Amino acid sequence: MNIDFNTDNHQFDGQQELTYINHSPDTLNKVFYHLYFNAFQAGSMMDIRSRTILDSDKRVGNRISKLKKSEMGIQQILSLKQNGEPLVFTNDGTILDVDLNKSILPGDTVIFSMEFKTQVPLQIRRSGRMNKEGIDYSMSQWYPKLCEYDKDGWHANPYVGREFYGVWGSFDVTIHMDADYTIAATGILQNPDEIGHGYTNVLIDSVPDRLSWNFKAENVHDFVWAADPDYTHDIVVNDKGPDFHLFYQKGEKTKHWERLGEYMIRTFEYADKHFGKYPYPHYSIIQGGDGGMEYPMATLITGHRSLKSLVGVSVHEAMHSWYHGLLATNEVLFAWMDEGFTSYASNRIEYEFFPEDFPATHGGSYKSYKRIAKSNYEEPLCTHADHFDTNWAYGAASYSKGVVILDQLSHIVGQKVVDRSLKRYFDEWAYKHPNASDFKRIVEKESEIELDWYFEYFVNSTKTIDYGIYEISENNNGTQILLKKGEMPMPVEFDVVLKDGGVSKYYIPTVLMRGEKVVDPVVNILPDWAWTNPYYSVRLKHAASDISEIQLHTSGHIADVEPLNDKVIIPKKWDWNKHKLKLQIIEKKKKKKYKLQKFAKIKKVAL
Ligand SMILES: [Zn+2]
């Protein structure tokens, strides 16, 4: 791409030459491009959605509807050719719909040449000009981007709110811009000695009015950049992995950026060891955007933060390099495999940095999942990212339940298997757009446990886990404990604590696993629980009067939504000859309703 940028009117002229190889077994008669910037126009799908959804994102609200002509995002395609022949195309909001002159056969290579004109919108969401911290240009989702065609066909999703999917490729981007600006971008700057701006130590004696910045990036599926005349550009050299480029406006509010490099070195060291090797030579953390958003080899984050907040957001966005950048699942359909896995990885790293803030590594994620699971708002993980009824349901599903689904696997298959699976998943599926089943198969192979039931329940339904101790009775042979199952089957672990201080440990696999995890030899493995039976009876040789308490879920890695029936402390004086201990379990407890804050309450949407 060749970009001629005019900072007076915030517009640029672009030429794009795209060499496209059809690696699919199908013949393509059409292609589609994303034109994301067109979302920032009054009446766009994003605008209407934001003004009608119950819990609008405050960053968007009704701001798009108020943009003046000069403030809107506009991406206009002037011409498009296939191997030199002009094509007919239709501009449909944020999607360009293209009829091909000649079909692209499997294995064919074609060249699409495009000319386009773009106006950068005022910063509303993720990208745009003049963000709230005063960064001039946050350039993400900024160019006409070919839609992905994969084994499930085209993914020409209009830009409504969230989540991205792209085609692997090599980028060669040249940006012509006023020399005052420092540019940060995906990729490696090819001409640092002509540019300066912190990219070289070579002294440049005469600086022209405009500079031409040439960046190249290999094996990425997107390209981001940002520009500001006041950026400080620090390079943190890292012998163990990628170098870090930090771009921020120096000042009191960004004072913690000076310490960011040391945390990033530790982050990538941990991630390389546990999640797979980061393959690119550098990673850039760029002040810009409206929070934190991930791109290949770079992130845009807001910069005015406390040290912990700055480290937290940087670790999260950096970990997206693994799940968004390299595994690159279609996050429109499997948002939890990106946001959930990323949050899981960043929870583990943040726990290393600030253990005092985390009573349990993933405690916050369990809490937030359980909160929505007990409300009326939960929607299944398999919901299309833009089609959740509320932003709350999307967030709780993809971030929180996405962490829980992964962490809870350690309860089913064991932490060592989870750790091995995460490495193998990366090694086998990086650059290949895996889906949920691809990940499930890796864990099945590593554990030799069948897991289709687990993903079926936890991805495709909102059924919850609620095991409880139901009844305890004593007879001549010892003690009988009756356990009760909730909606979803799971293996169950429990401890029996004796009055003399001894502890007996028990483990009941679910029949669906067709196997069991490797447990400590002291654990008593009981026969499988056939899931159709709501009850399971365990006979203990201890007299009930010798037991002080029974505790379920001792692994801690299980999202049982009702803790009240998970633990029983046996009363000291209990006449077992007369009474069973039957627990008053809240079985018909009404689902708690949560009120959502209405941000943009409107009756009718003016088109
Ligand atoms: Zn994220």
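A polar contact here is a pair of N or O atoms within 3.5 Å; within protein, one must be able to donate a hydrogen and the other to accept it, and residues adjacent in sequence count only if both atoms are side-chain atoms. This is a predicted model, where local features need pLDDT of at least 70 and side-chain atom pairs count only at pLDDT 80 or more, while totals for chains, interfaces and linings use all residues. Residues are numbered from 1 along each chain as its sequence is written, and side-chain values use heavy atoms, with hydrogens and water left out.

View 1. Asparagine 435 caps the N-terminal end of α10, with a side-chain oxygen 3.0 Å from the backbone nitrogen of serine 437. Helices are DSSP runs of H or I, at least four residues, and strands are runs of E, at least two, numbered from the N terminus. Just past α10, glutamate 448 has a positive phi of about 55°.

View 2. Helix α10 covers residues 436–447; at 1.5 Å a residue its 12 residues should span 16 Å, and its end C-alpha atoms sit 17 Å apart, which agrees. (The expected span is 1.5 Å times one less than the number of residues.) Of the 12 residues, 9 are buried, meaning under 20% relative accessible area. Among them are Ala436, Phe439, Ile442 and Val443, plus Asp438 and Lys440. The buried residues pack against α5 (335–353), α7 (391–407), α8 (409–413), α9 (415–429) and α11 (452–460), with contact meaning heavy atoms within 4.5 Å.

**View 3. Histidine 34 and its surroundings.** Histidine 34 belongs to strand β3 (residues 28–34). Its relative accessible area is 4%, so histidine 34 counts as buried. Leaving aside neighbours within four places in sequence, its contacts include Thr94, Ile95, Tyr143, His155, Asn157 and Tyr165.

**View 4. The largest cavity.** A cavity is a set of points on a 1 Å grid over the protein atoms alone where a 1.4 Å probe fits but cannot get out; lining residues have an atom within 4 Å of a point. There are 2 cavities of 30 Å³ or more. The largest holds about 90 Å³, and among its 13 lining residues His34, Tyr36, Asn157, Glu163 and Val332 lie nearest its centre. That lining splits into 6 nonpolar, 3 polar and 4 charged residues.

**View 5. The second largest cavity.** This one holds about 30 Å³. Its lining includes Phe164, Tyr165, His221, His324 and Glu331.

Key:
1 Å grid on protein atoms, 1.4 Å probe; cavity = no way out; pocket = protein on both sides within 12 Å on 5 of 7 lines; lining within 4 Å. Points joined across faces, edges and corners; volume = space filled by probe spheres on them. Nonpolar A, V, L, I, M, F, W, Y, C, P; charged D, E, K, R; others polar. Buried < 20%, exposed > 50% of the residue type's maximum accessible area, 1.4 Å probe, protein only.
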